[in-house]
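This report is for a reader who is meeting the structure for the first time. Please keep the sequence and the model in view while reading.

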Amino acid sequence: MNRLRRSLGPAVLPLLAVLTAFIVGSIFIVITDFDNLSKLGSDPGAALGGAIGTVVAAYGALIVGAFGEPGNYWAAIQSGGDPKAIATAIRPITETLVAATPLIFTGLAVAVAFRTSVFNIGVEGQFILGAFGATVAAIVFSEQGLWPPLVLLLAIIFGIATGAVWGFIPGFLKARTGAHEVITTIMLNYVAAQIVLYGLRSDFLRQAGSSQPISKVLTVRMPLMFPDLPAIRLHWGFILALIVAALVSWFLFKTTKGYELRAAGFNMTAARYAGMSAGGAIILAMTVSGGLAALGGSMEVLGTVGQMSNDISSGFGFNAIALALLAGNRPSGVVAAALLFGALRTGGGLMQVKTGIPLDLLFFIQALVIMFVAAPLLIRSIYRMPARSTAEVSPV
Amino acid sequence: MHLELKEITKRFPGVLANDRISISVDRGQVLGLLGENGAGKTTLMNILSGLYRPDSGQILIDDKMRTFDDPAEAISAGVGMIHQHFQLVPVFDVTEAVALGAETTTGPLRTFDRATARQRVAELSEQYNLHVNPDSRIEDLPVGVRQRVEILKALYRKSDILVLDEPSAVLTPFETEELFGIIRGLADGGTTIIFITHKLNEVLEVADHITVLRRGTVAGSADPKTTSREQLANLMVGRDVELSVAKKPSTPADVVLSLKDLFVRDDRGHMAVKGISLDVRAGETVAIAGVQGNGQTELVEAITGLRAADSGTILISGVDVSHATPRRVSDLGVAHIPEDRNRDGLISQMTVAENYILDAYHREPYSKNLVFHPEAVRQRAENGVQDFDIRTPSIDTVAGSLSGGNQQKVIVAREFSFPVKLVIAAQPTRGLDVGSIEYIHRRIVEQRDAGAAILMVSTELEEVLAVGDRVAVMFAGEIVGIVEGAEQTFENVGMLMGGHVG
């Protein structure tokens, strides 16, 4: 156990938090299973067996829904490369990756800001505005007949820039005037949503014949990872997310600017004494954060969805706050936590269909995970771990 | 009353704070409890005052066993604590502050019996020569008087055993002398007193008996009449300690730091530094003495670029830095040991290596074109840890987990890791153990001998006298006197610190 603890290092607490949340979740599955509970008086043995059965069925469906059916994988291997069988087998796991992709970007965005002790609640707004910027650029440049790969590149750059500006504004306001970033970013979320709505109602962007705020279908898209399997939505944006996570990690731990962000985040006064510009660190962190969120938005619209709407984000920016907390603001942790959240989102559908347990259970579990992560002492006392300083060690 | 603590043991997770500690004080005696930070003094006193319960051991008052479940029980048993940080309501007058929590009431509505309380406060003040006016407002009182109000509080609650925790930390030398007089008076009147300190002179002066704690155990006892400072320091640290700072006479050369008519405001906009002019030359140490809060902090912040000067000039090697950034000042070859190491000097969540480069990370060899050279960082941090004998498991250890002395060594090692022209050291040894103090003083003197100009700010008179080649005393934002050579005595500097000019 000790060896395990050392090798996993900072991941131990979050992992135990996840485990505990699932255990508590199973208790709720059992006590809301009224058919079974009614047997408790007459046949306790059957009731207990039934309870275990329900939990196993629910979590089993969750796992299968998120990662795929072993039988389907076997069939795909047996079929000798039949595209349809392969697509059926890998569809659940690729859907998990699709769901994780925007969360990786938004999680990184929150984590970078958090590292500088800036609470960027505006990731949601930066995400949708980034998606909007990418959409506008994609439509404008493809209508001018530019080479499609160039259109894609310009759309991504334009998307990032839009979100970076949207992050820069609250950063600048905080650094120069002390305006609290929580207030300004929340307000800018509303502004971003209204800008997107207004833009989507313009004839230039709106889908012909639709009265809904939905853009035209984009002709230039992120390439799919399995072009031969059109049913698989996974695109190269996922790989880009992993690369960006590695880049963010490098930026934070191997560059002087990243060092400044972390130093200012831990102790603004000492950073000032060391000759750093605290305001500069805040502005940089918010700009990078906004850019990362916007890149996520761009990938969502250019990759997964293919057309812009005002509900392009299903709360990715807000979920990212919990996610970054779970990840301990580490880029690797963000990737892991995003995969977990993505799996819950994807697997929950099958669980609901198969066992009738509502999707809400998963939000419940997600909330418990966050609660346990936020209360490390609780987890330590449950698993009798020695208390120690939560200060982390990070490599230079 | 006779007080005896027998075989007290208290364990905290991972630390044995008190290991079978036994002390004993007779009625009317002053016990000096001497020890470094972390020796277990405060834990022991918290047990006596009912804040902690010992894991084992006994508290005997007049040979009767007592257990205290909370501070109220300790107070009713006659134990009064005077904490380092005063617990007084600023807007109350002395009578109210003293009576708070132990009010006598009168009349059908059971209202506060102010007249009786006031009379008792006045009587006690008279009886023990405390010179406290029962009607003064707390916030108008100087620190020394507030401390006497704390003593009054304990006496008002009929404490026969008085515990004073580092009482001189906030006092001027003269206020300390007054306090010692009061302590003697209380003891003569039959009060049993425990005086906690890490200052050798103080126990020698005021105690009837000395017990020295080291690492949670009793390291030894001594009689102040027969023991010496060296013997006490030896007991405290566990090895021989060089108490005086060995240094050659200074060889002042060119002016490195020159202040002219400097005015600086504090955070509230009040003028904290009022027209200071001072030159510090290469190869000399100018010590700034003074009670805390007389403008020293603002002066240091102005020199190091952290605070804009209101008017006047600051020249470092002829360069005007009155409006320079901290980075610019640092790049001129200025080492800054800040006054609050945890707040200003270290990032406690970062590693020793990361802290070692805190104000030089942007320079080669640590980084180039914004990218770190981790090997260079590690190499130089390892060297720093070795050169300065920093006790740390590794350079990847989080700085916050080191002891205060080792944290300060990280800062000093960092500041001296590049060639230095000027050293600004603010309270460089505050709260450190004797061993670390000795070490840091030696390093500062080394820099002086190597030709750096040193400006050291300290509230510790001993330190100022031992390290400074010249001593400038600050009072109310001004330099009220500069003494050097034969004039540099305890009495002269102490007098100036209290604002007694000429």
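Predicted model: local features only at pLDDT ≥ 70, side-chain atom pairs only at ≥ 80, totals over all residues.

A residue counts as buried if 20 or more other C-beta atoms lie within 10 Å of its own.

**Strand 23 of chain B**

By that cut-off, 6 of the 6 residues of strand 23 (residues 470-475) of chain B are buried, so the strand is largely enclosed by the rest of the structure. In a regular strand the side chains alternate between the two faces of the sheet. On one side of strand 23 of chain B are B:R470, B:A472 and B:M474, on the other B:V471, B:V473 and B:F475, and both faces are covered.

Strands 23 and 24 of chain B form a hairpin with 2 residues between the strands, where B:A476 takes a positive phi near 50°.

| Strands of chain B | Sense | Bridges |
|---|---|---|
| Strand 1 and strand 4 | antiparallel | 5 bridges |

The domain assignment divides chain B into domain 1 (3-237), domain 2 (244-333 + 420-502) and domain 3 (344-418). The centres of domain 1 and domain 3 of chain B, taken over C-alpha atoms, are 40 Å apart.

In chain B, 4 strands form an open sheet in the order 2-1-4-5, with antiparallel pairing. Strand 2 (15-25) and strand 5 (64-66) of chain B are at the edges with a single partner strand each, so one side of each has no neighbour in the sheet. On average, neighbouring strands of this sheet are turned by 30° against each other, direction ignored. Within the pairing of strand 1 (residues 3-12) and strand 4 (residues 56-61) of chain B, B:L3 has B:I61 as its bridge partner. Helix 1 (residues 41-48) of chain B packs on the sheet and touches strand 1, strand 2 and strand 4 of chain B; the helix direction makes about 115° with that of strand 1.

**The nonpolar core**

The largest nonpolar core has 268 residues, and those touching the most other members are A:L108, A:L323, A:V334, B:F195 and B:V473. Helix 6 (residues 83-115) of chain A gives the most to this core, with 17 residues. Leaving aside neighbours within four places in sequence, the contacts of A:V334 include A:I104, A:G107, A:L108 and A:L323.

**Where chain A meets chain B**

How many residues does each chain bring to the contact? Chain A brings 19 residues and chain B 31 residues. Helix 11 (256-266) and helix 12 (268-273) of chain A are the elements that give two or more residues to the side of chain A that touches chain B. The largest share of that side, 5 residues, comes from helix 11 of chain A. By type, the residues on this side of chain A are 10 nonpolar, 6 polar and 3 charged.

Helix 11 of chain A is itself mostly covered, with 9 of its 11 residues buried. Among the buried ones are A:Y259, A:E260, A:R262 and A:F266. The cover over the buried residues of helix 11 includes helix 6, helix 10 (237-254), helix 12 and helix 13 (278-305) of chain A.

Note on methods. Residues numbered from 1 in each chain as written. Chains lettered and ligands numbered in written order. Contact = placed C-beta atoms within 7 Å. Nonpolar A, V, L, I, M, F, W, Y, C, P; charged D, E, K, R; others polar. Buried ≥ 20, exposed ≤ 12 C-beta atoms within 10 Å, placed from the backbone. Pairing = 2+ DSSP bridges. Domains from an automatic or database assignment. Axes fitted to C-alpha atoms, helices over the stretch in contact; angles between N-to-C directions. Core = buried A, V, L, I, M, F, W, Y, C linked by C-beta atoms within 7 Å.
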